[in-house]
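Hi,

Here's the structure I promised to pass on.

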Amino acid sequence: MMRKNYYRKLALMVTLLTVLLAYQKYTSREKEPFPEVTFIKDSSIRDLSDFDPNILDKEQWLKLGFSEKQTATILKYKDMVGGKFTSKEQLKKCYAISEEKFSELASFILLPEAAEKGDSKRFTPYGKKGIMISAKFNPDRFSVHDWLKMGFSEKQAEAIIKYRNYLGGSFISKEKFKECFIISPENYSKIAPYLLLPENTPENFRNFAKDNTVKSRIQYHIFDPNQLDLEGWKTLGFSEKQAIIILNYRDRNLRGSFKSLEDLQKCFVISAEKFQEMKPYIKIQEKQQEKQQEKQQEKQQEKTDFSKTNLNTITFKQLIEFGLDERSAGSIIGFRKKLGGFMNKQQILTTYNIDQDLVQKLISIAPLNISNVPRYSLVDAPEEWLKNHPYFKYSADKIIFYRISNPDDKKIWKLLKLKPEYEERMKLYVK
């Protein structure tokens, strides 16, 4: 029995040893090498140096490991933010650049971490903000600032103005406006219903820029540009629209006359080539110049005596003459109109956007006559006057309500419960 158990144990040990040897042989076999995986990002970042994302073209973005679709999105995003990335923070917002990819590139990007406060507003993407139109408008009268307010970038606004000048100072029609490459089909469909322009281009329209490529057969003769009317400019080869612009430029900008050849050359509808064609025939009469100089001298001699000028009737031009800029003069005239007139000189100093030092000097010289300033009792004051007057408009509804059952100024003042300083300035205009 003992011997039988012995053989059993021996057989078990032999079996275990056999299994162990087989396992060792299996695990010690030389493994086949696993193919090495090379990621695009590793190969691209390994040799990467500092770079400015604003100067990268399509091929360079592809070399950084982006797909063609991602590259197209990045370049489109750059145009949407004004044609230039201003910070890493702004670049990171492009959805085509993942957080992982941005973290790999961040240390090499030659941009500030965040944009300055002024720049953040300047490059607001118009694509996200959208075109905003509130009423019908004539695009011929729009300035760069007007196009910016609508939602275009500064660069786009300048391009639109340049295109208008190329057409001769007017878009002519919706058809021509649509041809401006800056205006996308989507934006045109939004803008078109608000354009104060004819639908189609007149058949007799000729693009001045194109006309210049083929010299017209014009019989030039000696002429004084100060003597030409609309028809006179048209005989020199200008369109009616261009002739009107030249006349407006002469009469408004130059106060009625061209003083020199340089004045004429500066008019934007007269190309350099056209000016050279006309130059030998231009003769500005000296007498005309002398008359203009005499008129200017007369105006200079007619100086305002501010010690006798009522501050409630002083004009915009007189304020300019005194030395105020247009913003200060406009603010004073506008505030005075809303009040119906100033009741004391201190009110003038509370006007917004004025040159305090110059205005202080003015009110110390000029008198203030308040005899024609409208004044009412709270009971009798017209509703329209109450609602439009800067001092009364916030309490107008209460005054109108209280005086129905309390036709007495003293009771109305008590019911209003105003701050002393508000009540004090309102009482300036109460009888």
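In this predicted model, helix α15 gives the second largest pocket the largest share of its lining, seven residues. Helix α10 (154-166) also supplies at least two residues of that lining. The second largest pocket has a volume of about 400 Å³. In total 14 residues line it, and D140, G169, I245, N248 and F268 lie nearest its centre. By type, the lining splits into four nonpolar, five polar and five charged residues.

Now for α15 itself. This helix covers residues 240-253, 14 residues in total. From first C-alpha to last it reaches 19 Å, close to the 20 Å expected at 1.5 Å a residue. Which of its residues are buried? They are Q242, A243, I245, I246, L247, Y249 and R250. After α15 comes R255, with a positive phi near 55°.

Next, the largest pocket, which holds about 570 Å³ of space. Of the 20 residues lining it, F335, Y352, P390, Y391 and R425 are the closest to its centre. The largest share, four residues, comes from α20. Sorted by type, the lining has six nonpolar, nine polar and five charged residues.

How values were computed:
Residues are numbered from 1 along each chain as its sequence is written. This is a predicted model: local features need pLDDT of at least 70, side-chain atom pairs count only at pLDDT 80 or more; totals for chains, interfaces and linings use all residues. Side-chain values use heavy atoms; hydrogens and water are left out. The expected span of a helix is 1.5 Å times one less than its number of residues. Buried means under 20% relative accessible area, exposed over 50%, partly exposed in between (1.4 Å probe, protein chains only). On a 1 Å grid over the protein atoms alone, a cavity is a set of points where a 1.4 Å probe fits but cannot get out, and a pocket is an open set with protein on both sides within 12 Å along at least five of seven lines; lining residues have an atom within 4 Å of a point. Grid points are joined across faces, edges and corners, and a volume is the space filled by probe spheres set on the points. Ala, Val, Leu, Ile, Met, Phe, Trp, Tyr, Cys and Pro count as nonpolar, Asp, Glu, Lys and Arg as charged, and the others, Gly among them, as polar.
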